[in-house]
Amino acid sequence: MTVVPVHGEVDLATADRMRDRLLQAAHASRCDCLVVDMSGLDFFDASGVRALVSVYRSLTKEGRHVVLAEPAPIAARVLEALGMERVFETYPILEMALTHTSGLRVDGDPIRNTVPERP
């Protein structure tokens with residue numbers, strides 16, 4: 001599992017960069033599950049949804065799983081308005097996403113392969 005935090009503004013100007021970063025992180029880690037931590041978003045629009053759907057399609061073709069965690073209120077509203085609950089598993093807090101996506105080792109400690117945010 002790989003957790004990738006996204007933050008700031010995701011719009012037409014930045015959505016492709018977010019998509020590329022998520023795909024790069026997933027491929028570099030060879031993870032079975034990509035968790036997108038959306039808690040740090042200040043703005044999120046349909047361009048961001050388009051980018052997430054592109055990541056979802058690419059990774060699920062490879063047999064991987066994509067989940068969303070802790071969407072900021074603006075992101076939650078956009079995802080809900082566009083009916084994205086039919087596409088993505090979305091968890092209200094990151095720890096729930098880790099638990100529900102087999103993010104626990106046998107000893108119970110969370111497995112976190114977090115990709116740091118690029119400046």
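Predicted model: local features only at pLDDT ≥ 70, side-chain atom pairs only at ≥ 80, totals over all residues.

Tutor: The structure holds one aromatic pair. Tyr 56 makes that pair with Phe 88, in an edge-to-face arrangement with 5.5 Å from centre to centre and 70 degrees between the planes. The partners come from distant parts of the chain: Tyr 56 sits in helix α2 and Phe 88 in the loop between α3 and β4, 32 residues apart. The relative accessibility of Phe 88 is 4%, and therefore this ring counts as buried.

Which residues of α2 are buried? They are Ser 47, Gly 48, Val 49, Ala 51, Leu 52, Val 53, Val 55 and Leu 59. These buried residues pack against β1, β2 and β3, and also against the helices α1 and α3.

Those strands deserve a look of their own. The sheet is open, with four strands in the order β1-β2-β3-β4 and parallel pairing. At its edges are β1 (2-10) and β4 (89-91), each of which pairs on one side only. On average, neighbouring strands are turned by 30 degrees against each other, direction ignored. Between β1 and β2 (residues 33-44), which run parallel, there are eight bridges. Along this pairing, Pro 5 stands opposite Asp 37 of β2. Our helix α2 (residues 46-61) packs on the sheet, where it touches β1, β2 and β3 (65-69), and its direction makes about 175 degrees with that of β2. Helix α3 (residues 73-81) also packs on the sheet; it touches β2 and β3, with its direction at about 110 degrees to that of β2.

What gathers where these elements meet? Nonpolar side chains tend to be buried together in soluble globular proteins. Here the largest nonpolar core has 29 residues, and the members that touch the most others are Leu 22, Leu 34, Val 36, Met 38, Leu 41, Phe 44 and Leu 52. The elements giving two or more residues to this core are β1, α1 (15-29), β2, α2, β3 and α3. Met 38 shows how far one side of the story reaches: beyond its neighbours within four places in sequence, its contacts include Val 6, Phe 44, Leu 52, Leu 68 and Leu 79. Another core, of 10 residues, lies apart from the largest one, and Ala 69, Tyr 91, Leu 94 and Leu 98 are among its members.

The 15 residues of α1 should span 21 Å at 1.5 Å a residue, and its end C-alpha atoms are 21 Å apart, so expectation and model agree. Buried in α1 are Ala 15, Met 18, Arg 21, Leu 22, Leu 23, Ala 25 and Ala 26. Their cover includes β1, β2 and our helix α2.

Most residues other than glycine have a negative phi. Arg 30, however, is not a glycine and has a positive phi of about 55 degrees. Arg 30 lies in the loop between α1 and β2, and its relative accessible area is 70%, so it is exposed. Glu 70 also has a positive phi, near 50 degrees, and is found in the loop between β3 and α3. With a relative accessible area of 27%, Glu 70 is partly exposed. Glu 70 is also one of the contacts of Met 38.

Let's finish back at α2. Leu 12, in the loop between β1 and α1, touches Asp 45, Ser 47 and Arg 50, leaving out residues up to four places away in sequence. The C-alpha atoms of Leu 12 and Ala 46 are 8.3 Å apart, although 34 residues separate them along the chain. The relative accessibility of Leu 12 is 66%, and so it counts as exposed.

How values were computed:
Residues numbered from 1 in each chain as written. Heavy atoms only, no water. Pairing = 2+ DSSP bridges. Axes fitted to C-alpha atoms, helices over the stretch in contact; angles between N-to-C directions. Contact = heavy atoms within 4.5 Å. Core = buried A, V, L, I, M, F, W, Y, C linked by side-chain atoms within 4.5 Å. Buried < 20%, exposed > 50% of the residue type's maximum accessible area, 1.4 Å probe, protein only. Phe/Tyr/Trp six-rings, centres within 6.5 Å; stacked < 30°, edge-to-face > 60°. Expected span 1.5 Å × (residues − 1).
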